[in-house]
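Notebook open, model loaded. I want to go through the contacts one by one and write down what I find.

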2 protein chains.
Amino acid sequence: MNKLVGSIKQAVIDSGLKDGMTVSFHHHLRNGDYVLNMVMEAIAELGIKDLTVNASSLFDAHRPLKEHIKNGVVTHILTDYMSAELGRFISAGNMANPVQFRTHGGRPCDIENGTTPIDVAFIAAPASDCMGNCTGKLGKSACGSLGYAMPDAKNAKFTVVITDELHPYPLTGWSIPETDVNEVVVVESIGDPRGIVSGTTKITRDPVGLSMAMTAVDVIKASGLLKEGFSFQTGAGGASLAAAKYLKDVMLREKIRGSFGLGGITGYMVDMLNEGCFDSLMDVQCFDLKAVESIRDNPRHCEISATHYASPGAKSAVVDSLDVVILGATQIDTDFNINVHTDSNGRIMGGSGGHSDTAAGAKLSMIIAPLSRARLPIVTDRVTCISTPGSTIDVLVTQKGVAVNPKDAELRQRLIDAKINVVDIHELKAMAERTSGVPEKPAIGDRVVADVIYRDGTVIDRICEVRED
Amino acid sequence: MNKLVGSIKQAVIDSGLKDGMTVSFHHHLRNGDYVLNMVMEAIAELGIKDLTVNASSLFDAHRPLKEHIKNGVVTHILTDYMSAELGRFISAGNMANPVQFRTHGGRPCDIENGTTPIDVAFIAAPASDCMGNCTGKLGKSACGSLGYAMPDAKNAKFTVVITDELHPYPLTGWSIPETDVNEVVVVESIGDPRGIVSGTTKITRDPVGLSMAMTAVDVIKASGLLKEGFSFQTGAGGASLAAAKYLKDVMLREKIRGSFGLGGITGYMVDMLNEGCFDSLMDVQCFDLKAVESIRDNPRHCEISATHYASPGAKSAVVDSLDVVILGATQIDTDFNINVHTDSNGRIMGGSGGHSDTAAGAKLSMIIAPLSRARLPIVTDRVTCISTPGSTIDVLVTQKGVAVNPKDAELRQRLIDAKINVVDIHELKAMAERTSGVPEKPAIGDRVVADVIYRDGTVIDRICEVRED
């Protein structure tokens, strides 16, 4: 007995997938993923229509979805992130039903509580045995953690593992156990390694970015949180990585041993683990090869499910114990609301991912952003889209000063005592406008193309149509 | 924020436990367990009544349950195994409602599909952090795998971890993640190490047992299953361990590399892993200190959940891929039905555990038993209680010959070709009766004291009252 079937199409047939059902995908193969496209092509060939696609993130590699939307194969999209090409297509009003954006914690919560049931989950697995015990840590397409795929596999009515490397049974160190898997399909390749993981990500060389990163570390020191047991998450952007680098230097110099690093994990966080800054890494997604090697070889580099990472429906998640998170923003307003969904024209080009979840959980939620980008102010009266509510953001670090949310009076005083250049956020906005001018309001229509669903299940904002020029 | 509360009683109060609800326990601390008694005492002091206790196994250490039954605190028991002291109490008719016996696979299946919902699960965890990430691999009360506790923690409405060793957050290598845990209670001691794990279990020195063990290995060789990729489970009884020892010698001599060893794991199976007989061990419960050390230190010694071990409700379980299992029996009848629930007087003194699950899953299910024990024949016309149906048993090995289930004609021929002493099971029965006499039928009443629920959910047999002498 084994669960191998000859083709993706056969697995779709066996799954009983019918018009109107929901299929799910995860994004650990990122822009190198072949699986979503292969599956959707098989589904389209079978003539199945009116599907909901629930994908933890969607990248430009998934552009064939545009055709499936036009042809009525896909009529609903649920995702946590959408890159610019598909975003522009959605923003242009090409889909009848609004996209539902969730957060990386809200998505597994709604899968588990039955709000967004999955009929068939497709798991892109770099290594699997014939019964479906599978992992992302091994194989030619190794991507490390499969954290976002775990709730899908567990809760879907039917789960298909798609792999390009079959291992003898039982594969040990599984991310997903055979108990959750109905069928296994072996294909030539599940993805393009160049798109799955980058080489070692480089920190910024931009002096503005480096200056902000240094200020960010000064803020962390002044906050009082940087002590024995410190925990930390940062993004993979250049300035965030630079902050991690400076933070490491401080922790080593001052002999501060933290407890854990969290998140999407880069080689910089692996260095911090290996050099003793943290006791462990909690990893829902690996960003580079160094992270993949580390999660494979180091038992203190732990794979966590999306639920364990950030679900507000779990009895607790790691974000609830997080000290400091450094996050980015495409816009921030004077109420500290953050936009990471749309560009300056109001077009979709991102999504919350874990932004809202970590901001809500961390004791100190810090945004690093320059005052303006490409001559457009980042600090504004009102963000075009509220991705993360200002009530969960503590501090904005820019190259011209640091703004503290008025709710954090004690933090503000600590920063002032530490001689950090604390300025009012309205002042930062005025500076940005003096440099870059007041931006024109983008020409946004009335029709809703996407709902932004906060981690508590409420619709925190709606994104409206932006017609093509 | 953390989940620590000051006492078990406080956790019970916080859980909202009320009359008529269900509490659950697991048995990795075996006869050394303090947790069930501590919890039930707190519950009794709070005046809560009419509870269902769902415990993966019950041992003599749990004798205070007798008082809780008499006092109406506990009115229903669900378990997979019950040792003789409590068994005798139940058999004597001291409980109004029949005990429900399940198998180690049927129990998690029914927990997960909602047949036997759990209101409050109590997890005895040898090490935990303040958020409930916990493991059995560390701590002064280390017991190794927590496999049976995983479905309880996952599916209970409220989960309480009880530990005697608090670790810094986050504890890595968790068996159960914080996502499943509501509260953590730190107590002085969760169990008596002498009862939790034995020292290295000794194989039998009894020549009858050794002779049967050698025959068992001859049968395995003759079956054709002993080849590259071979998988194996055996019990912790003396003759079963001796069979493992002889099997290891054969595998090493003939350079046969198996795939996995399964089960409750002993040091003998660890030796087989370390000497290259298996690529991995799949471990739902550790029986001795050597197994505990191995599961902690060797990544190829894998902890599996009870679901992954044996659930018929899972999309597959490891038992489905098992080649050979060696099992014991208190009785076997001429239809190959097995009794592991009652003694020769019909009194409860055991339970299926994983017996039925592995028998159903394995390609070769072998019983090792002497023809008689304490002057009572083991082979009989009809077992007093059907624990495992004869349709899932392939072969009986005794010191006087090997009986093959008539359904296995090909296997029978293979054994004959290998010059194994194959005899009809009726002949074995006759031999047993010639030696030990025909036993008197035990004086069993009409009142049902326990239902034996097979892994498919059907009641396979009922156990009736046996009055005290």
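This is a predicted model: local features need pLDDT of at least 70, side-chain atom pairs count only at pLDDT 80 or more; totals for chains, interfaces and linings use all residues.

**Entry 1: between the domains**

I started inside chain A, where domain 1 of chain A and domain 2 of chain A bury about 1,700 Å² between them, with carbon and sulfur atoms giving 55% of it. Buried area here is the accessible area (1.4 Å probe) that two parts lose on being put together, summed over both. I looked up who supplies it on the domain 1 side: His104(A), Lys137(A) and Ser145(A) give 31% of the area that domain 1 of chain A buries against domain 2 of chain A, more than any other three residues.

Residues are numbered from 1 along each chain as its sequence is written, chains are lettered from A and ligands numbered from 1 in the order in which they are written, and side-chain values use heavy atoms, with hydrogens and water left out.

**Entry 2: where the domains sit**

I checked the bounds: domain 1 of chain A is 4-56 + 104-196 and domain 2 is 207-442, as set by an automatic or database domain assignment. Their C-alpha centres lie 31 Å apart. Each domain puts 21 residues into the contact, contact meaning heavy atoms within 4.5 Å.

Glu303(A) and Lys137(A) form a salt bridge through their side chains, at 3.5 Å, N to O.

On the domain 1 side, helix H5 (106-112) and helix H6 (149-155) of chain A are the elements that give two or more residues. Helices are DSSP runs (H or I, at least four residues), strands likewise (E, at least two), numbered from the N terminus. H5(A) gives the most, with 4 residues.

**Entry 3: chain A against chain B**

Next I went to the two chains, where 37 residues of chain A are in contact with 37 residues of chain B. The buried area is about 2,500 Å², 62% of it from carbon and sulfur atoms. Tyr169(A), Thr179(A) and Lys315(A) supply 27% of what chain A buries against chain B, more than any other three residues.

**Entry 4: symmetry**

I laid chain A on chain B and got an RMSD of 0.0 Å by a turn of 180 degrees and a shift of 0.0 Å along the axis, superposing by least squares on the C-alpha atoms of residues with pLDDT of at least 70 in both. That is the relation of a two-fold axis. Pro299(A) has the C-alpha nearest the axis in chain A, 4.5 Å from it. I also see that 100% of the interface residues of chain A are interface residues in chain B too, so the copies meet through the same surface.

Methods
A salt bridge is a side-chain nitrogen of Lys or Arg within 4 Å of a carboxyl oxygen of Asp or Glu.
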